[in-house]
Amino acid sequence: MSTSSGTIVSAAATLHCPHGGRASAASAHAAVRMDGLPVHTASDSFLVTGCPHTVDGVPHPCTTVRWSPQPDGVRVDGVPVLLHTSAAQCFSAALVPQGPPVVTAARQGATCR
């Protein structure tokens, strides 16, 4: 059983990079749905758009989000489900870590403990 708890991240959740860019799933595991929307798993790809981050005046926007969920938590087809408390990191196109995403999980009927 996972030692962390949190709300399952589905397509209803709002995700942003730490600079305000919008993160969204480029792929989603459609086998499990909550309120008719896909539940996100560690196998989903997330892209960031609209990140205004610059370094010394040069644009270095966040472009992707990588998740590191608890390996012993809830799974869908053997892949960990993402929780709003799951560890994650936003990256630039050059794969430079730029901080964790901000996840606002939508209120839903399922919470994992």
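Hi everyone. Accessible area here comes from the Shrake-Rupley method with a 1.4 Å probe. With that in hand, the accessible surface of this protein comes to about 6,000 Å², and 55% of that surface belongs to carbon and sulfur atoms. Please keep in mind that what you see above is a predicted model.

Let me start with the overall picture. The protein has 113 residues, and 36% of them count as buried. Its secondary structure comes to 15 strands and zero helices. As for contacts, take those in the protein with a separation of 6 or more: 62% of them are between residues 24 or more positions apart.

Now to the strands, and I'd like to begin with S9. Strand S9 covers residues 62-68, strand S12 covers residues 87-92, and the two pair in the antiparallel sense over six bridges. If you want to find this pairing on screen, look for Cys-62, which stands opposite Ser-92 in S12. Another place to look is Thr-64, whose bridge partner in S12 is Phe-91.

S9 also has a link to S6. Two bridges join S6 to S9, and these strands run antiparallel. Here Phe-46 has Val-65 of S9 as its bridge partner.

Let's go back to S12 and follow the chain onward. S12 and strand S13, residues 97-99, pair in the antiparallel sense over two bridges. Phe-91 turns up again, this time opposite Pro-97 in S13. So which residue in the hairpin of S12 and S13 takes a positive phi? That would be Leu-95, with a phi near 65 degrees, in a hairpin that has four residues between the strands. Leu-95 has this positive phi although it is not a glycine. Is Leu-95 buried or partly exposed? Its relative accessibility is 47%, so Leu-95 counts as partly exposed.

You'll find Asp-56 in the loop between strand S7 (54-55) and strand S8 (58-59). Exposed means over 50% relative accessible area. Asp-56 has 78%, so it is exposed.

Here is another aspartate, and one I'd like you to zoom in on. Asp-44 sits in the loop between strand S5 (37-39) and strand S6 (46-49). Asp-44 is buried, yet it has no salt bridge. How far away is the nearest side chain of opposite charge? That side chain is Arg-33, and it is 11 Å away. A salt bridge would need a side-chain nitrogen of Lys or Arg within 4 Å of a carboxyl oxygen. What does the side chain of Asp-44 make a polar contact with? The partner is the side chain of His-40, at 3.1 Å.

Last stop: Thr-104, in strand S14, which covers residues 102-104. Thr-104 has 47% relative accessibility, so it counts as partly exposed. Along the chain, Thr-104 and Leu-15 are 89 residues apart, but their C-alpha atoms are separated by 6.3 Å. And which residues is Thr-104 in contact with, leaving aside its neighbours within four places in sequence? Those are Ala-13 and Thr-14.

Key
Residues numbered from 1 in each chain as written. Predicted model: local features only at pLDDT ≥ 70, side-chain atom pairs only at ≥ 80, totals over all residues. Heavy atoms only, no water. Buried < 20%, exposed > 50% of the residue type's maximum accessible area, 1.4 Å probe, protein only. Contact = heavy atoms within 4.5 Å. Pairing = 2+ DSSP bridges. Lys, Arg positive; Asp, Glu negative; His and termini not counted. Polar contact = N/O pair within 3.5 Å; in protein donor to acceptor, adjacent residues only side chain to side chain.
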